[in-house]
Amino acid sequence: MAITPKLELRQGQSLVMTPQLQQAIKLLQLSNLELSAFVEAELERNPLLERLDGDDGTPASESAEPKPAFSESEAQEANAISSPAVAEADTGSAEPDDGEWLDLERSNGTVKSDDLDVEPQDAFPDSDGFAADGLKDSGWALLGRGPGSGDGEAPNLEAYVAEERTLRDLLAEQLTLAFADPARRLIGQHLIDMTDEAGYLRGHLSALAELLGAPLSLVEETLAVMQGFEPSGVFARDLRECLTLQVKERDRCDPAMASLLDNLNLLAVHDLSALRRICRVSDEDLCDMIQEVRQLNPKPGLIYGATPAQPVVPDVLVRGLPDGSFHVELNSETLPRVLVNQSYYATVSKSATRKEDKSYLTDCMQTANWLVKSLDQRARTILKVSQEIVRQQDGFFSSGVRHLRPLNLKTVADAIFMHESTVSRVTANKYMSTNRGLFELKYFFTSSIPSSGDGDAHSSEAVRHRIREMVDAERASEVLSDDKIVEKLKDDGIDIARRTVAKYREALRIPSSVQRRRLKRITGNGSAANGLDPCSVRQKLAVSLPKSDWV
């Protein structure tokens, strides 16, 4: 068979990812904050897009009305202030010229002593020289013309708010007071730069000494002085040193306390009997020492300039109705409202003569139309998926976590005739506000655990909730082991393995039965009367820092 070149005509179908389709898919998985940032960038880039700020659907440019420079009350007050000067000028024998009497506009609001023929402090004894600033801070500030305000604008209150002090600013101020030697100040500034937001020193002193060409002993001496700065515990290299610095400032670093801080790993696993032997103290003294450790701050730097937690704004709102059903709606505050300015496009397109300008306007129009359609399709898809989730998990909304059902992406996708990948993108970074609290949409998708009988399968999240309830209800004399928990769950019709219970318990940060038994014994011996909760000690310290910092 000879191989020769030839022409063939074939017809086929293929899915092409156009830029518009890629944009629509990208918008599905964006959170409300990311979507707002994306829309803001598009509004700046595309002149045909316009924001809808008014509740009546009017564009922001049309709803904005010009405001007068002075309101009616401000104008009356300004006339009242200026009336005495006018009256005094009218009583003279001759009217002065316009440029003779305190021309504030020409002199930028400053009254010179030559105009008054007296010293400023004699003419205005209540102020150190009459200037425009004095007028602005007194009279004009009352009229809303104070600093930070422009013509016709309200005063900017943020201009009067003091800047929040950061940890580095506080340490830099103490550094200038602690050292007069420029070499030590230079070392101290580098140590401040090596400190993280929690107040811990990250890096090696030997590397810093080599970088600056300074003796290592000088760097260590400087660090020893700076470890006494406020807040107490800064410039520590690990958790033990941080807590030691704080107890030293309280004058409580005795040998027993030092031994306790040297064995924080035993405190993390609640081995109180070993701690009692190492510290050589009684049970009551050990409880008092642990109570003192609870009062320390494992991250002292976070009290200065800590980043405030950003509240989560729900994308979907679910509320119950009197008939027992649930109403699902989108949160309008998280939906950007934009439109295409057709009138502006018609006006500009008439004046466009060059081919490049016409092509640019056409591209802007297509991009704007696709963005509006993509935002509308995104909102409809989120609402459709949320309604199906509420329908599938109606038992959760009515009765709680115990009635949460197993659910996967395919079940929802088949019910609303969409692909699994679309449902996965919709549920990413989206939150739902319910009568049970605020939940991420992915929370309702859980794996299934088979039933021990002929009943329905159970949700893994519901099983974890039952394990938490069992541990919270157990008594000191009857601490449940993992095997006991498995037996109780099987009695409730849940077929689960012991290793699965151990995995769920560790995910819930529940200690083992041995550790819980130790804690309950200490609590039963009277430690609870002293306000001691060893479990909270572990949560306060071990949760704050990685487990490697305990060792």
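What follows is a set of questions and answers about this predicted model.

Q: What makes up the protein chain in terms of helices and strands?
A: The protein chain has 26 helices and 8 strands. Buried residues account for 34% of its 551 residues, where buried means under 20% relative accessible area.

Q: Among contacts between residues at least 6 apart in sequence, what percentage join residues at least 24 apart?
A: That share is 60% in the protein chain, with a contact being heavy atoms within 4.5 Å.

Q: Why is Glu-221 called partly exposed?
A: Its relative accessibility is 42%. Buried needs under 20% and exposed needs over 50%, with partly exposed in between, so Glu-221 counts as partly exposed. As for where to find it, Glu-221 sits in helix H11, residues 216-226.

Q: What is the C-alpha separation of Glu-221 and Arg-184?
A: It comes to 9.3 Å, for two residues 37 apart along the chain. Both turn up in the contact between H9 and H11.

Q: Why is H9 called roughly perpendicular to H11?
A: The axes of H9 (residues 182-193) and H11 cross at roughly 65° and come within 10 Å. Roughly perpendicular covers 65 to 115 degrees, so the label for H9 against H11 is roughly perpendicular. The crossing is right-handed, too.

Q: What makes H13 oblique to H15?
A: Helix H13 (residues 255-262) and helix H15 (residues 272-279) pack at about 140°, with axes 9 Å apart. Roughly antiparallel starts over 145 and roughly perpendicular stops at 115, so H13 ends up oblique to H15. H13 passes H15 in a right-handed crossing.

Q: Which residues make that contact, and from which helix does each come?
A: H13 supplies Ala-256, Ser-259 and Leu-260, and H15 supplies Leu-275, Ile-278 and Cys-279. Sorted by type, this contact of H13 with H15 has 5 nonpolar residues, 1 polar and no charged.

Q: Why do S3 and S6 count as the edges of the sheet?
A: This is an open sheet of 4 strands, ordered S3-S2-S5-S6, with mixed pairing. Strand S3 (326-330) and strand S6 (437-440) each have a single partner strand, so one side of each lacks a neighbour in the sheet. On average, neighbouring strands here are turned by 20° against each other, direction ignored.

Q: How do you know that S2 and S5 pair?
A: Pairing takes at least two bridges, and 2 bridges join S2 (residues 316-320) to S5 (residues 431-434), which run parallel. Val-316, for one, has Met-432 in S5 as its bridge partner. Helix H18 (residues 355-392) packs on this sheet, touching S2, S3 and S5, and its direction makes about 160° with that of S3.

Q: And how do you know that S5 pairs with S6?
A: There are 4 bridges between S5 and S6, against a requirement of at least two. These strands run antiparallel and form a hairpin with 2 residues between them. Tyr-431 stands opposite Glu-440 in S6.

Technical notes. Residues are numbered from 1 along each chain as its sequence is written. This is a predicted model: local features need pLDDT of at least 70, side-chain atom pairs count only at pLDDT 80 or more; totals for chains, interfaces and linings use all residues. Side-chain values use heavy atoms; hydrogens and water are left out. Buried means under 20% relative accessible area, exposed over 50%, partly exposed in between (1.4 Å probe, protein chains only). Axes are lines fitted to C-alpha atoms, for helices over the stretch in contact, and angles run from 0 to 180 degrees between N-to-C directions. Angles under 35 degrees count as roughly parallel, over 145 as roughly antiparallel, 65 to 115 as roughly perpendicular and the rest as oblique. A crossing is left-handed if the near helix is turned anticlockwise from the far one by less than a right angle, and right-handed if clockwise. Ala, Val, Leu, Ile, Met, Phe, Trp, Tyr, Cys and Pro count as nonpolar, Asp, Glu, Lys and Arg as charged, and the others, Gly among them, as polar.
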